[in-house]
Amino acid sequence: MASKILIIGACGQIGTELTMALREKVGRNNVIASDIREGNEELMASGPFEIADATSFEQIKELVEKYGVDEIYLMAAMLSATAEKHPMKGWALNMESLFHVLNLAKDKKVSKVFWPSSIAVFGPTTPKQNTPQTTVMEPSTVYGISKQAGERWCEYYFNKYGVDVRSIRYPGLISYKTLPGGGTTDYAIEIYHEALKNHKYTSFLKKDAELPMMFMDDAIRATISLMEAPAKSVKIRSSYNLSALSFTPHTLAESIKAHIPEFEIDYAPDFRQEIADSWPSSIDDSRAREDWGWKPEFDLRKMTSAMLEGIKDVHH
Ligand code: AKB
């Protein structure tokens, strides 16, 4: 029998595309989507959906039992900018949901777990260029602290209880199908929408704020290949560095101008600049490449073409 997959946070920016990709791969009825609210029409029409609160152990357990779930992807989280505004709520959502899923795996209710970490685990004292897998980690945001603590717990559950948990430190993810919510890297998505609509964008990050980024197709491919890798190849049980490209608002704007010459950008950095300042500019992902064969496919040019085409198709 095909394994049953539960996606928690299936209606978010990553969850939506991950759900569609997994349904395509293992069959629509083998992937149960869940979230606290309904998602877009395409997602809702594509297979089973349940309303569930990621902070409720009972609700998650009920879904696992109802569908005989054996793999969980926990995609629900409060992102960096929002969590700075609601620290306790962010901490509670990000940590409680993780413990629920890890404890279900510890009790052998499910056999495999995916949990996303982020470049936000790094902080101002981390080396900024080509940030190593193992290095100084003193995150200065609520979100980053929750992700770093989460990584420690994942490794702990693997070592102590044999929980098969796998994780990636995602960079900023760029996509057109579902909008992100509350991240510091969201400017890199807004910019494409505004370029097409108004030929103008005011960036909330500085001209030269360089951050690691990735097109969503690459992120989904990485996630599924990490989950499909034999357990013995998954040597890191905290979370893997993952890299594709790095750019600044200025270089991103230049790549858009190649398609829309009249596009103009200006800069009005806000509190999110301070968050961006604390994160790396580029990431060393050699462990992901060695252990499970990771290789990105989208560079800046290819991503900009895909974004502009995609937004035109989906939103206009
Ligand atoms: C955010 O900006 O908060 C996220 C992330 C890098 O984890 N996109």
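What share of the contacts in the protein with a separation of 6 or more is accounted for by residues 24 or more positions apart? The figure is 77%. Please bear in mind throughout that this is a predicted model.

Let me begin with the overall form. The protein contains 12 helices and 12 strands. Its radius of gyration is 19 Å, close to the 20 Å that the globule rule gives for 316 residues, so the protein is as compact as a globular protein of that length. The C-alpha trace spans about 55 × 45 × 40 Å along the principal axes, and 47% of the 316 residues are buried.

I turn now to the sheet. Seven strands make up an open sheet with parallel pairing, in the order β3-β2-β1-β4-β5-β6-β10. At the edges stand β3 (49-51) and β10 (240-241); each has a single partner strand, so one side of each lacks a neighbour in the sheet. Elsewhere in the order, β1 (residues 5-8) and β4 (residues 71-74) run parallel and are joined by four bridges. In one of these pairings, I5 has E71 of β4 as its bridge partner. Helix α3 (residues 57-67) packs on this sheet, where it touches β1, β2 (31-35) and β3, and its direction makes about 155° with that of β1.

As for annotation, an unreviewed UniProt entry places the feature "domain: NAD-dependent epimerase/dehydratase" at residues 5-235. Over that range the chain is 44% helix and 18% strand, with the end C-alpha atoms 23 Å apart.

Finally, consider helix α9 (residues 249-257), in which P249, L252, A253 and I256 are buried. These residues cover an arc of only 100° around the axis, which puts them on the same side of α9.

Notes. Residues are numbered from 1 along each chain as its sequence is written. This is a predicted model: local features need pLDDT of at least 70, side-chain atom pairs count only at pLDDT 80 or more; totals for chains, interfaces and linings use all residues. Helices (H or I, at least four residues) and strands (E, at least two) are DSSP runs, numbered from the N terminus. The radius of gyration is taken over C-alpha atoms; the globule rule is 2.2 Å times the number of residues to the power 0.38. A residue is buried if 20 or more other C-beta atoms lie within 10 Å of its own, exposed if 12 or fewer, and partly exposed in between; C-beta atoms are placed from the backbone. Two residues are in contact if their C-beta atoms, placed from the backbone, lie within 7 Å. The arc is that of the directions from the helix axis to the C-beta atoms. UniProt positions are given in the numbering used here, feature names are shortened, and annotations may be inferred rather than shown by experiment. Two strands pair if DSSP finds at least two bridges between them. Axes are lines fitted to C-alpha atoms, for helices over the stretch in contact, and angles run from 0 to 180 degrees between N-to-C directions.
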